[in-house]
Amino acid sequence: MTAGRGYSPSEAAPKTVFQNQIVDNASPGLAKRAAEALAARTAMEMVANGPAKKFHHDVLRSNTGWEMDPVAWAKRAAASRLLTEQTERIVAALARGGIDVIRDGDVTLISAVTGIVESLPVYRAVRFLPTIAARDRRPMVNALKLFMSGTSHKTAYVGKYMRYAVFTAPQPVPAFGMLRDEIQSLSRRISKWAHRVKKYGVKVLFRGIEFTRKTAEERGMTDRYPADTILYHVHANVIYWPMRNMKGEWENFLRETFEFIGSEWKDNGKVENVEEIVKYCSKPADTLAASDDELVWLYKETQRLKICQPLGPFAEWLRDLNERKEKVVRVHVGHGDGKLMRVRKLSRKADDGKPTDIGDGSDEDGNVPTDASEKREVKKRNEPGDRPPPANIVLGLSLPQWRHTSWAEPMIMVQHYDPARLSDEDCVDISEWKRQARQWWDEAFAPPPEEALRVARMAMDKTMSADDVREAAEAAPYIVHTCRPTVPHEDELLAEEDIDDDVRSILSCFEGATIVKWKPRPPTEDDIIPYETAEQAEQRAQRLAMQEAYESGWATRRLSAPYHPSERWGDNSRTAA
């Protein structure tokens, strides 16, 4: 690539392989096997990533208790905490400038397993707020990754043929200048370019706007601006998809793109990392460095702009996803592994008792959703008067998050939370969701909540080594406290000298912990595997009752002479011959 023009005539054109087209010169046998393997992968991807076969409730169950590496979780939690602090500082600066970005309707998150109550504000969709940028980024990244894996296409693994380019605005914009016009102008040029390059078999899938903040001195533009002038330079990350082999057309494509855009652009090769393309529109450190007046200007210049926008086939795919009321979620598939899947959204029940599907906006990063899943009927607002506004509107259960520990747990979302005004109905809802979440948590063999929190504190303690933290996390599911009601008092407590050396070394990581030796269950306990539903249990009871009622007749027939087929249900059930 040459720096000025953004392309090089000597660069090799990208090659694309389709299901029924092998570009490389290969033997017929090898080509046939390659085509069959590609077709098999295509069928596998279409089955795995076709219309959603899982519901929101399925993900709640499978993801609860999903364990993350505690050291990685600690780094992630520290980064999330930093984003929250940065957002609060930016919001305070905007408030000093007369811009209120906090929505009326605070949301309280109650951890369904660990029981931690956290009241958080809900912000308006200000794209340069770090928490808002993180909230919007994750669904887009997940959707792009699943789309690039081959979903809804005839060719599997199409992502390896998609390319990434950067389009840069001709000139930087001084602070308090026409930033909005520059963003809209660059976006329009990219949209026109996307239509123009269709003749080359190129489809444009995504455009993400970014702007960097530096002084004229840092940009080396002191010949045009005073050294301390703040300049915002707008550029866009673009993903495009060559649909055919561009041999012989590649150089013309690059040259025509440069001439049409009229500014610097650069092809960066095949897409390797979606996270490096779908970024925040502004770095939090740059935004924090701005003055209050500059932040107010930035807010007005970016208000209601489409910063990250899907285009072409990707936009159509997302539209179909929304029409089907589906979302892209990473689902736990066992052994700590996750897979992106299309999942049906679940919300409150309609008047006929059947569930209806709407969006929930939640994700696994611990960001506060703007909408709620599994919503129940919202309480009607009181008439104007002296009565207080409605409180404790229980919105539902969010997807499991690694918010407080390295084990994922769902969050109960409550609007206008006031513990003193909790009604009996609200208490029942919260208690029932806690009970259900704890059941899923135990099914995943996650540790007791107090042990999960203990490991989290160890992971956040910078004086603890990574090996000690990981060892504690591995041992946590097996540490049992005698103070827990689930431990029977008649179980035998083990003395320290009776414990193996390996177990004793693990136990030393947990101050005050003890180990008990469980007694075998009573021999009178029913060994029959219980039925999953009440309806199945009732059917089983009916069959047992019928068997008992006709047992005497069956015994008589077994001891007597051969009988007529009409006597199958005993003497009282004989039918006319």
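Colleague: Which residues of the largest nonpolar core touch the most other members?

Modeller: In soluble globular proteins, nonpolar side chains tend to be buried together. In this predicted model, the largest nonpolar core holds 51 residues, and those touching the most other members are L94, V101, F128, F167, W193, Y232 and F253.

Colleague: With which residues is Y232 in contact, once its neighbours within four places in sequence are left aside?

Modeller: Y232 is in contact with P172, V173, A175 and L179, with F211, T212, R213 and R219, and also with A290, E294, W297 and L298.

Colleague: How should I read the sheets, and what is the strand order in the open sheet of three strands?

Modeller: Strands of a sheet pair through backbone hydrogen bonds, either parallel or antiparallel. In the open sheet of three strands the order is β1-β11-β10, and the pairing is mixed. The edges are formed by β1 (54-55) and β10 (326-334), each of which pairs on one side only. Between β1 and strand β11 (residues 337-344) the pairing is parallel and runs over two bridges, with K54 standing opposite V343 in β11.

Colleague: Which helices pack on that sheet?

Modeller: Helix α2 (residues 56-63) packs on the sheet and touches β1, β10 and β11, its direction making about 30 degrees with that of β10. Helix α10 (residues 312-323) also packs there, touching β10 and β11, and the direction of α10 makes about 85 degrees with that of β10.

Colleague: What is the strand order in the open sheet of four strands, and which strands stand at its edges?

Modeller: The order in this sheet is β3-β2-β13-β12, with antiparallel pairing. At the edges stand β3 (117-120) and β12 (393-397), each with a single partner strand, so one side of each is left without a neighbour in the sheet. On average, and with direction ignored, neighbouring strands of this sheet are turned by 25 degrees against each other. Strand β2 (residues 107-111) pairs with β3 in the antiparallel sense over four bridges, and L109 stands opposite E118 in β3. Helix α11 (residues 424-443) packs on this sheet, touching β2, β12 and β13 (411-415), and the direction of α11 makes about 15 degrees with that of β12.

Colleague: To place these parts in the whole, how many helices and strands does the protein chain have, and what share of its residues counts as buried?

Modeller: The protein chain has 16 helices and 15 strands, and of its 577 residues 44% count as buried. Among contacts between residues at least 6 apart in sequence, 69% join residues at least 24 apart. The chain exposes about 31,800 Å², of which carbon and sulfur atoms supply 51%.

Key: Residues are numbered from 1 along each chain as its sequence is written. This is a predicted model: local features need pLDDT of at least 70, side-chain atom pairs count only at pLDDT 80 or more; totals for chains, interfaces and linings use all residues. Side-chain values use heavy atoms; hydrogens and water are left out. A nonpolar core is a set of buried Ala, Val, Leu, Ile, Met, Phe, Trp, Tyr and Cys residues joined through side-chain atoms within 4.5 Å. Buried means under 20% relative accessible area, exposed over 50%, partly exposed in between (1.4 Å probe, protein chains only). Contact means heavy atoms within 4.5 Å. Two strands pair if DSSP finds at least two bridges between them. Axes are lines fitted to C-alpha atoms, for helices over the stretch in contact, and angles run from 0 to 180 degrees between N-to-C directions. Accessible areas come from the Shrake-Rupley method with a 1.4 Å probe; for residues, only the protein chains shown count as cover.
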